[in-house]
Amino acid sequence: MRRFVVLLIAAVVLAAGLAPARAETIRIGVLAFLGAERSLEEWGPTARAVEAGLPGTTVTIVPYDHAGLGRAVAAGEIDFLITNPGHYVELEVAHGVSRIATLESGLPVAAAIVVRSERSDLRDLADLAGKRVAVVGTTAFGGFQAAWRELAAAGLDPFRDLAGLDGVGFPMTGVLDAVLTNRVDAGIVRACLLEQREADGAVARGALRVLAPRSTAATSCRVSSRVYPDWPIAKLRGTAPDLAKRVATALLTFRPAPGQAGWTVPLDYQPVHEAFRDLKIGPYESLRHVSARELLARYWQVFAILGIALGAWGVHVLRVERLVRRRTAELATVNVDLRREIEQRRRAEEREAQHRRELDHAARLSILGEMAGGMAHELNQPLAAIANYADGCELRLKTAPVDTAALVGATRRIRQQAERAAQVVQRMRAFLRKREPVHAPLDLAEVAGEALELFEGPARRAGVAVETVFAAGLPAVLGDRIQLQQVLLNLMQNAVDASAGMPAATLRVETAAHDGGACVAVADRGSGMPAEVKARLFEPFFTTKPTGLGLGLALCRSIVEEHRGRLEAADNPGGGTVMRLWLPAAPDDDGREDGDPR
């Protein structure tokens with residue numbers, strides 16, 4: 001039936017009154033995948049068939065490699081071309097070539113992946129992962145691209161998953177040599193090439209085998225890929241249509257000799273397009289780089305959802321920004337009010353601190369007033385001694401001879417007594433001076449001793465004996481010396497007042513290390529305090545003294561708490577009351593308090 005169609009087409013062409021043949025030269029470029037010499041031999045019958053159909057015409061076969069044939073087409077150096085179906089599809093799209101006939105060679109256009117027969121580790125396409133594979137070139141259709149499609153279907157990317165893809169170039173028999181010599185693990189060649197080389201004796205039968213052979217009715221040769229249409233002959237865009245018709249008629253009416261390839265009507269090359277589309281190569285290279293318009297057309301629903309989401313997010317952002325502005329304005333107003341309140345509180349605290357300092361000073365004046373008699377006695381003693389020593393010096397100066405040694409001793413005693421009086425005055429001035437509290441490391445026993453020196457006169461005048469028990473090695477405390485002396489003097493004065501009228505009245509002052517700090521206890525042997533007095537002992541303006549103001553102990557507790565300490569009252573086991581002042585140890589250089597085990 002196909003032969004009948006060919007003869008019918010030829011008859012129609014001849015009946016159309018074609019112009020008589022004229023002498024001309026036709027150049028046919030061919031893809032020389034087996035080498036230039038083999039190509040001239042293979043395509044010689046085709047050239048003679050065209051010459052026979054076009055008397056007086058000379059046909060020249062020009063062998064090219066893949067890239068060279070593409071350049072010749074682009075430059076218009078040839079009139080027709082014969083190439084593999086993959087290359088034809090590329091040139092059809094790029095340069096507008098069109099097929100006029102398809103080869104009938106009896107050989108399938110497919111790929112065969114060959115390996116050495118003894119390689120038992122290579123059984124299917126997936127076993128090629130990590131192996132070296134030889135190809136004539138990555139642009140060869142039957143020699144690579146047809147196999148590439150099958151490798152991709154098996155999950156292998158030959159450019160990424162193989163250990164190497166070695167291009168050996170034309171002729172394709174070099175791929176078989178690379179496999180036989182163990183330079184590579186496998187090779188990709190056009191189908192039936194292995195059988196031809198075995199028939200020629202170039203390859204020993206059984207030395208190589210085809211990997212993952214596929215069953216097909218199109219050929220008896222072993223193939224590893226799908227079978228595609230045979231090679232076409234195509235005219236260039238600039239070739240005259242009349243010449244193309246005459247060449248097509250000559251090829252379709254040509255009767256090849258037995259064993260030679262003939263030509264038939266052009267076949268459908270859609271399977272080649274599908275292969276290129278799967279691989280995203282050739283005319284479908286753009287599929288690897290999808291345009292914005294194509295993306296929009298393909299995923300417009302996704303973009304619509306994203307647009308809605310972005311719009312909603314934008315509305316949300318604007319709403320949040322508006323709320324933030326409103327809250328910021330509200331917070332600014334609140335901050336102004338807070339700053340005003342803070343400033344008012346700071347001024348109130350400053351006034352309170354100033355008032356408390358005035359009260360502290362008044363309390364010291366009150367304590368000094370209560371101790372005024374003792375202070376006068378303290379001053380009278382050194383002043384009387386000075387007067388006595390001065391009278392003695394005057395008497396010695398009136399007698400002759402003058403005893404200078406006695407005068408020197410008298411003047412020394414006068415100076416000592418004067419210094420003693422000066423110390424009393426200095427202690428009084430330091431105690432009464434208005435000043436800002438200065439916190440520094442102190443020895444609490446030393447502070448207690450200085451307070452006792454100030455209180456020695458009032459205690460003697462009241463007839464109260466003073467006992468002291470000062471422990472050695474107390475931890476240093478952090479505090480203001482004058483304020484702490486004021487607290488101790490107040491406690492001592494209260495103890496003396498509580499002991500008034502008691503036989504053998506005694507004031508006991510004791511220091512000790514306690515609870516990570518230092519403690520001073522002031523104990524009396526008075527009548528003690530009832531429970532209701534203890535409950536209100538530190539309340540401001542509460543007093544049990546007829547002439548008291550009720551500020552002494554309240555101020556004392558305030559001072560002690562500012563020093564992070566405690567002031568507590570307890571019953572004395574032997575009768576009377578014990579007031580205990582406790583202060584924490586001063587921190588050392590690394591921020592720890594003395595005695596802190598951290």
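In what order do the five strands of the open sheet stand? The order is β13-β15-β16-β18-β17, with mixed pairing. (Strands pair if DSSP finds at least two bridges between them.) This is a predicted model, where local features need pLDDT of at least 70, side-chain atom pairs count only at pLDDT 80 or more, and totals for chains, interfaces and linings use all residues. Residues are numbered from 1 along each chain as its sequence is written, and side-chain values use heavy atoms, leaving out hydrogens and water.

**The whole chain**
- The protein chain has 17 helices and 18 strands. Both are DSSP runs numbered from the N terminus: helices are H or I, at least four residues, and strands are E, at least two.
- Of its 598 residues, 40% count as buried. Buried means under 20% relative accessible area, exposed means over 50%, and partly exposed lies in between (1.4 Å probe, protein chains only).

- Strands β15 (residues 506-514) and β16 (residues 517-524) run antiparallel, joined by eight bridges.
- Ala512 has Cys519 in β16 as its bridge partner.
- Helix α14 (residues 444-461) packs on the sheet and touches β13, β15, β16 and β18 (577-584). Touching, or contact, means heavy atoms within 4.5 Å.

**Nonpolar cores**
- A nonpolar core is a set of buried Ala, Val, Leu, Ile, Met, Phe, Trp, Tyr and Cys residues joined through side-chain atoms within 4.5 Å.
- The largest has 86 residues, and Ile26, Phe80, Leu81, Leu128 and Val247 have the most contacts inside it.
- Another core, of 36 residues, lies apart from it and includes Leu491, Phe538, Ile559 and Leu581.

**Salt bridges**
- The structure holds 27 salt bridges. Each is a side-chain nitrogen of Lys or Arg within 4 Å of a carboxyl oxygen of Asp or Glu.
- Arg132 and Asp166 meet in a salt bridge (2.7 Å, N to O). The pair links strand β6 (residues 132-135) to strand β7 (residues 164-167), 34 residues apart.
- Glu150 and Arg226 form another, with the closest N and O atoms 2.9 Å apart. Glu150 is buried at 7% relative accessible area, while Arg226 is partly exposed at 32%.
- Arg190 and Asp230 also form a salt bridge, at 3.6 Å between the closest N and O atoms. Arg190 lies in strand β8 (residues 186-190) and Asp230 in the loop between β9 and β10, so the pair ties together parts 40 residues apart in sequence.
- Both Arg190 and Asp230 are buried.

Methods
Axes fitted to C-alpha atoms, helices over the stretch in contact; angles between N-to-C directions.
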